[in-house]
Amino acid sequence: MMLHAQVYSDESKEPPVFVVAGFVSTVERWAVFSDEWDSALATADPHRIGYVKMQQAYALRGEFDGFDITSRNKLLVKLADIMNRNIEYGVMTFCDIENYTTTMKSHKLGKTFDSPHFDTTNNFILSVANL
């Protein structure tokens, strides 16, 4: 039986590591998640926000400018509840950039493969495929 799933992923290259992480759910549950997430952002108090970046939330800047700690935390708890109800799996892969550079540069893999981005993203895809 083939599972039809939808995946959201993002990457971060903040030395010393390169990270690819994301969430997996069924197409049906993802649709519910998207509707509930959009509604939560649209009705956020003190004002609507367009997206969530945790650095902005933590600093009360960007989309979270005008929020206080209580209103920010209330929204984040609401969003976490939406995630907990609708997301089936969380997947994360990472690569130590210095270790990768030291180990893999000697293998002369070619431009396409000679990157912690390629290696980490490939591992993320394989991890999702093995769910």
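1. E36 and R85 form a salt bridge (a side-chain nitrogen of Lys or Arg within 4 Å of a carboxyl oxygen of Asp or Glu), and their closest N and O atoms are 2.4 Å apart. This pair ties together distant parts of the chain, with E36 in helix 1 and R85 in helix 3, 49 residues apart. Helices here are DSSP runs of H or I with at least four residues, strands are runs of E with at least two, and both are numbered from the N terminus.

2. A note on the source: this is a predicted model, where local features need pLDDT of at least 70 and side-chain atom pairs count only at pLDDT 80 or more, while totals for chains, interfaces and linings use all residues. Residues are numbered from 1 along each chain as its sequence is written, and side-chain values use heavy atoms, leaving out hydrogens and water.

3. R85 also forms a salt bridge with D81, at 2.2 Å between the closest N and O atoms. Because R85 and D81 are four residues apart in helix 3, about one helical turn separates them. Together, E36, D81 and R85 are linked in a salt-bridge network.

4. How accessible are these residues? E36 is partly exposed at 26% relative accessible area, and so are R85 at 39% and D81 at 39%. (Buried means under 20% relative accessible area, exposed over 50%, and partly exposed in between, with a 1.4 Å probe and protein chains only.)

5. The structure holds three salt bridges. One of them joins E88 and R29, with the closest N and O atoms 3.5 Å apart. E88 lies in the loop between helix 3 (69-86) and strand 3 (89-96), and R29 in helix 1 (residues 27-42), 59 residues apart.
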